[in-house]
Amino acid sequence: MHPSRISLRPFKLSDVDDFLKWASDHRVTRYLRWNTITSREEALAYIENVAIAHPWRRSICLDDRSIGYISIKPESGDDRCRAHVGYAVAAEYWGGGIVTAALKMAVSKVFDDMPDLVRLHALVEVENKASQRVLEKVGFLKEGLLRKYGFCKGEIRDMFVYSFLSTDKIL
């Protein structure tokens with residue numbers, strides 16, 4: 001996959017059909033905090049009310065078609081120095097390095113976009129080895145295990161916490 005084919009951009013309502021292809025796949029949404037999207041109407045509402053309204057949610061695009069997303073959500077008030085990172089990509093692109101490339105793009109840009117930001121952190125289920133590899137390839141540091149920490153899809157799960165600081169180097 002040539003890196004020049006991969007880009008990040010804000011979501012548009014016209015992404016609805018491409019978005020629905022991957023957001024309706026249980027394999028893709030398995031570790032996400034939001035549920036699988038099952039209809040075009042639900043997809044449009046999500047894009048309009050969540051993705052577009054979000055402070056920093058970008059569509060991962062291949063040749064300008066939405067194949068996933070990266071979300072960097074800053075906390076507020078005195079905690080605005082840190083932000084939570086989340087991402088997903090269509091199952092057909094798993095293992096191709098697309099999320100790693102897109103996350104490197106996001107990390108290299110977000111500290112400029114959000115001057116108060118010092119720390120990014122990501123929470124990853126212990127069994128989600130692929131996501132752990134993505135974070136490590138970008139340069140995130142695994143800080144530790146949070147036992148029974150994250151509620152996802154009806155159960156409380158153990159999670160690893162990873163961080164990347166504004167002073168860290170992208171690998």
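"Buried" here means under 20% relative accessible area, exposed over 50% and partly exposed in between (1.4 Å probe, protein chains only). Helices (H or I, at least four residues) and strands (E, at least two) are DSSP runs, numbered from the N terminus.

1. Strand β2. With that cut-off, Arg57, Ser59 and Cys61 point one way from β2, Arg58, Ile60 and Leu62 point the other way, and all are buried.

2. Ground rules. This is a predicted model, where local features need pLDDT of at least 70 and side-chain atom pairs count only at pLDDT 80 or more, while totals for chains, interfaces and linings use all residues. Residues are numbered from 1 along each chain as its sequence is written, and side-chain values use heavy atoms, with hydrogens and water left out.

3. Neighbours of β2. Strands count as paired if DSSP finds at least two bridges between them. β1 (residues 6–10) runs antiparallel to β2, joined by 5 bridges; Ile6 has Leu62 in β2 as its bridge partner. β2 and β3 are also antiparallel, with 6 bridges, and Ile60 is bridged to Gly68 in β3. The β2–β3 hairpin has 2 residues between the strands, and Asp63 in the turn has a positive phi of about 50 degrees.

4. Largest pocket. A pocket is an open set of points on a 1 Å grid over the protein atoms alone, where a 1.4 Å probe fits, with protein on both sides within 12 Å along at least five of seven lines; lining residues have an atom within 4 Å of a point. Volume is the space filled by probe spheres set on the points, which are joined across faces, edges and corners. The largest pocket comes to about 910 Å³. It has 39 lining residues, and the closest to its centre are Leu32, Tyr87, Ala88, Asn128 and Ser131. Elements supplying at least two lining residues each include β3 (65–74), β4 (82–89) and α4 (98–113).

5. Lining classes. Ala, Val, Leu, Ile, Met, Phe, Trp, Tyr, Cys and Pro count as nonpolar, Asp, Glu, Lys and Arg as charged, and the others, Gly among them, as polar. The largest pocket's lining then splits into 20 nonpolar, 11 polar and 8 charged residues.

6. Helix α4. Its 16 residues should span 22 Å at 1.5 Å a residue, and the end C-alpha atoms are 22 Å apart, which agrees. The expected span is 1.5 Å times one less than the number of residues. Among the buried residues of α4 are Ile98, Leu103, Val107 and Phe111.
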